[in-house]
Amino acid sequence: SLPWKNHEMLIDAFAKEFGNSENVSLIIHGRYGQSDYLKSRIRRHKVNNIKIIKQAFNQKEYLEFMSNLDCYVL
């Protein structure tokens with residue numbers, strides 16, 4: 001469980017609201033953490049539009065990544 005970040009609530013709410021919509025996706029970005037735990041939670045919802053990435057970005061890559069988002073949760 002990741003109570004200080006509340007990834008679980010975000011995954012649950014996103015899956016409930018959007019399901020497998022082709023029009024929206026959730027990307028959880030983190031350099032560390034319990035990605036296997038979160039991936040298992042995503043599998044329980046049977047959705048394929050939630051992705052976890054652990055890529056480390058340099059400043060240019062980070063700005064490009066952020067500029068391609070419509071919305072972000074911090």
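The legends below describe close-up views of a predicted model.

**View 1. Overall layout of the chain, with three helices and two strands.**
Read along the sequence, these elements follow the pattern α-β-α-β-α. Of the 74 residues in the chain, 26% count as buried. The accessible surface comes to about 6,000 Å², and carbon and sulfur atoms account for 50% of that surface. Among contacts between residues at least 6 apart in sequence, 66% join residues at least 24 apart.

**View 2. The largest nonpolar core, a set of 10 residues.**
The members are Ile11, Phe14, Ala15, Leu26, Ile28, Leu38, Ile42, Val47, Ile50 and Ile52. At least two residues of this core come from each of α1 (7-18), β1 (26-29), α2 (35-45) and β2 (50-53). The most is given by α1, which supplies three residues.

**View 3. Helix α1 and its buried side.**
Helix α1 has 12 residues and spans 16 Å from its first C-alpha to its last, close to the 16 Å expected at 1.5 Å a residue. Its buried residues are His7, Glu8, Ile11, Phe14 and Ala15. Because these residues cover an arc of only 140 degrees around the axis, they lie on the same side of α1. They pack against β1, α2 and β2. The face turned away from the buried side carries the exposed residues Met9, Lys16 and Glu17. After α1 comes Gly19, with a positive phi near 50 degrees.

**View 4. Phe14 and Phe18, an aromatic pair within α1.**
There are two aromatic pairs by the ring-centre rule. In the pair shown here, Phe14 and Phe18 are tilted, at 4.9 Å centre to centre and with 45 degrees between the planes. Both residues lie in α1, four residues apart, which is about one turn of the helix. Phe14 counts as buried because its relative accessibility is 8%, under the 20% cut-off. Phe18, with a relative accessible area of 37%, is partly exposed. Not counting residues up to four places away in sequence, Phe14 touches Gly19, Val24, Ser25, Leu26, Asn49 and Ile50. Two of these contacts, Leu26 and Ile50, are also listed with Phe14 in the largest nonpolar core.

The buried residues of α2 are Ser35, Leu38, Arg41 and Ile42. Seen down the axis, they fall within an arc of 120 degrees, so they line one face of the helix. What covers them includes α1 and β2. On the other side of α2, the residues Asp36, Arg43 and Arg44 are exposed.

Leu38 and Ile52 are 14 residues apart along the chain, and their C-alpha atoms are separated by 8.2 Å. Both residues belong to the largest nonpolar core.

**View 5. Lys46, in the loop between α2 and β2.**
Most residues other than glycine have a negative phi. Lys46 has a positive phi, near 60 degrees, in a residue other than glycine. This residue comes just after α2. Lys46 counts as exposed because its relative accessibility is 68%, over the 50% cut-off.

**View 6. Phe57, in the loop between β2 and α3 (59-67).**
Phe57 has a relative accessible area of 21% and is therefore partly exposed. The cut-off for buried is under 20%. Not counting residues up to four places away in sequence, the residues that Phe57 touches are His29, Tyr62 and Phe65.

Notes:
Residues are numbered from 1 along each chain as its sequence is written. This is a predicted model: local features need pLDDT of at least 70, side-chain atom pairs count only at pLDDT 80 or more; totals for chains, interfaces and linings use all residues. Side-chain values use heavy atoms; hydrogens and water are left out. A nonpolar core is a set of buried Ala, Val, Leu, Ile, Met, Phe, Trp, Tyr and Cys residues joined through side-chain atoms within 4.5 Å. Buried means under 20% relative accessible area, exposed over 50%, partly exposed in between (1.4 Å probe, protein chains only). Contact means heavy atoms within 4.5 Å. Accessible areas come from the Shrake-Rupley method with a 1.4 Å probe; for residues, only the protein chains shown count as cover. Rings of Phe, Tyr and Trp (its six-membered ring) pair if their centres lie within 6.5 Å; planes under 30 degrees apart count as stacked, over 60 as edge-to-face and the rest as tilted. The expected span of a helix is 1.5 Å times one less than its number of residues. The arc is that of the directions from the helix axis to the C-beta atoms.
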